[in-house]
Structure formats: C-alpha cells, structure tokens
Amino acid sequence: MMKAVVIDRYGPPDVQSVRAIPRPLARAGEVRVQVHAATVGRTDTATLRAHPFFMRAATGVFRPKMKTLGMDFAGVVDQLGDGVTGFGLGDRVFGISPDVFGAHAEYLCVSAKGALAHIPDILDFDHAVVGEGAWYAEETTKLLSEGTRCLIYGASGAIGTASVQLAKANGAHVVAVVGTRHIGWPERLGADRTLNYEAEDFTAIGETFDLVFDAVGKTSYFECRPLLKKNGVFSATDLGAGGSNLLLSAWYGLTGSKRVQLPFPADTQGFFQRLANLMADGRFQGVFDRSYPLDDIVEAFRYVEQGQKTGIVVIKVR
Ligand SMILES: NC(=O)c1ccc[n+]([C@@H]2O[C@H](COP(=O)([O-])OP(=O)(O)OC[C@H]3O[C@@H](n4cnc5c(N)ncnc54)[C@H](OP(=O)(O)O)[C@@H]3O)[C@@H](O)[C@H]2O)c1
C-alpha cells in the first residue's frame, strides 16, 4: 500500500483526503517512481474544480477520471516495466504526468518515453519539480529565436518565471512585467528590463515586440496590440474575458496570420532533456514560493487558488 491524496468528486480543496491505496505496478514501457517531491499547480486546482466546465470532456464528465492529482514529480525509479530503456533502478528523475496526474502519492507510474529526464546532480528533489510551468512556457517561447524581442506579462508565476528563462535561452531580448513585490526577480532570471504594472502603463512604453506573452491571464490582445510589431504574435495562458483569446486564436488561425495564439503543449519528450541540460548549466532554475507536507495538501490548494504564488509551490512527499 502507499499514502496518496484521493479525490472522488470535483469541488473545493477539502474534497481531497489522504488515504492508503494500493501501489501501482509499472506496465510495459513504464517506470515506477518513488515520489520525493511534487507540486500544486494551476492545472491541479483547475482540474479539481473542473474549471472551465468543458475541461470535463477530458477529465471526466460527472466525476474525475483520475483519482489522484499532481502533475510535477521528482523522485527515484524503483520499478521498471518490460522494454524500458534509458532509465535504471535507483535513477533520480523528474518530469510531469499531464494525462493521468498521480504525483500526490508516494508512487506513480509514467511512460519512460514521456516527459521524463534525469535530475542534474547539482539539484535536490525539491528543486527539480519545475516541469509544469516550463512545459506550458515552452509552447510560446519556442516561437523566439536569436535577436527577437518579447514582452512577458505576469513574469512572477510558474509559467512567467519559466518563460523569461526559456526566452533568454533562445536568444531573445526580454522585457518582463511584474508587480511591486516581484521587482528584481526577472533580472535575476536574465530579463533585460523589468516594468512594474502597478507603477506604469506597460502598453505605453513606445516599443514593439515580436511576441507579447500574457503568462498570467490578466491582460488582453486589444490592450497589448500597440506593443506588437506588424507580424507580431500575442499569446496567452488563459481563455480571456468571454473566451476572447479562444475566439481570436480561431479567427487568426483561419486567416493564416496566427496573430493570437492560445498554445496547448504537445507531449515533447525531448523538451525535458533540454530542460535538464539548461538546469545543469545553470541557465534555468525553478523559482520556489513555499512547501507543504503531503498531509497539508488542502492548505496548499487553498494557497495556490489565490493566484498570488511566486513561481512554484512544492509538496514534500517523502
Ligand atoms: N486551466 C488550466 O489547466 C491551467 C493550467 C496552468 C495554467 N493556467 C493558467 O496560466 C496562468 C499562469 O499560471 P501560473 O501557475 O504561472 O500562475 P501563478 O503562479 O498562479 O501566478 C501568480 C502570479 O501572478 C501575479 N499576478 C497576479 N495578478 C496579476 C496581474 N494583474 N498582473 C500581473 N501579474 C499578476 C502574482 O503576483 P502579483 O499579484 O504580486 O503581481 C503571482 O506572482 C494562470 O492564469 C492559470 O489560469 C491554467
């Protein structure tokens, strides 16, 4: 048996309970990971509440299909399914489990060909649970290359802090927009300039960008339009007011200009190896807010739901 956080229905954080359930067994092509650290991210909180409602088409119409949430994990491989290559017993690994979740537990099984990589030697487990924010950021920052210019709005969340670093790794010039309490962070992560949205109008700086990324779902295409170059792209993490980003991305997709994008990450196996390399080189680091023991999972969800965290909230499983 193992200790795991279990959900039987959608709802607020306290529908979760910590219980003893059977340990999963690695199937062909899977590794079983003894989880040391996990996170509570916005995907977990949105899935628990089934918000937006249509997400139920993927996660279960009446009840959640997955019994345990938790997308990010870092831990040790303790069982190998048939045919696994590239990983061995005792390997320290990190990754995400975007389809079935399951990291809020002492063990989970994931595909060895999925979003999984070895933890660089310099990092402990608590500092390796960086996958979710980086994975969402990558779908947008991969549009950037050497010499391009981007503005990242909301550069203090899990996706925003990852975006700054991935954009710099791609050679872009980065202007980051954060609130007063986060001034200083973006430049430590490599940003070329930081703007304070509480003190100045970031849309009136008189500069234009190849990419404007709303990494926290708090601005809009229409507000940011003056910042875009002629062929510039606006990308957002959220659907926008009244689903505006969804509608605009569908419209611009039809016209072929792709001016507004609502990227949904593809399952990029190679990305996690690249992320591990960037962390080993010191070019990517997680930004961590606080940690909770697994038993305090309800408190962790309540905190993350406030939308005020700085980077990542860690769950210490072991
Ligand atoms: N539906 C899903 O499954 C899903 C999954 C992942 C992410 N997302 C979306 O992606 C977005 C980012 O996720 P995340 O995990 O990176 O977010 P997060 O970590 O929760 O972001 C919180 C950060 O945003 C800042 N912030 C709050 N209001 C702001 C504003 N008006 N302008 C600029 N910054 C503001 C906060 O700092 P200050 O308040 O001090 O500025 C805080 O540091 C979220 O909006 C989330 O809805 C959705």
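Guide: D210 is partly exposed, with a relative accessible area of 25%, and K229 falls in the partly exposed class too, at 30%. In these terms, buried means under 20% relative accessible area, exposed over 50%, and partly exposed in between, with a 1.4 Å probe and protein chains only. The model is predicted, so local features need pLDDT of at least 70 and side-chain atom pairs count only at pLDDT 80 or more, while totals for chains, interfaces and linings use all residues. Residues are numbered from 1 along each chain as its sequence is written, and side-chain values use heavy atoms, leaving out hydrogens and water.

D210 and K229 form a salt bridge, their closest N and O atoms lying 3.3 Å apart. Because D210 sits in strand β11 (residues 209-214) and K229 in strand β12 (residues 228-236), the pair ties together parts 19 residues apart in sequence. Strands are DSSP runs of E, at least two residues, and helices runs of H or I, at least four, numbered from the N terminus. A salt bridge here is a side-chain nitrogen of Lys or Arg within 4 Å of a carboxyl oxygen of Asp or Glu; the count by this rule is 15.

Another of these bridges joins E30 to R27, at 3.1 Å from N to O. E30 is buried at 12% relative accessible area, whereas R27 is exposed at 60%.

R302 and E299 also pair in a salt bridge, with an N to O distance of 2.8 Å. Both belong to helix α9 (residues 297-305), 3 residues apart, about one turn of the helix. R302 is partly exposed at 37%, as is E299 at 40%. Salt bridges with shared partners link D14, E299 and R302 into one network.

A polar side-chain atom of S156 lies 2.8 Å from a ligand oxygen atom, and one of Q308 lies 3.0 Å from a ligand oxygen atom. Taken alone, the ligand exposes 920 Å², of which the protein buries 88%, by the Shrake-Rupley method with a 1.4 Å probe.

Technical notes:
Polar contact = N/O pair within 3.5 Å; in protein donor to acceptor, adjacent residues only side chain to side chain.
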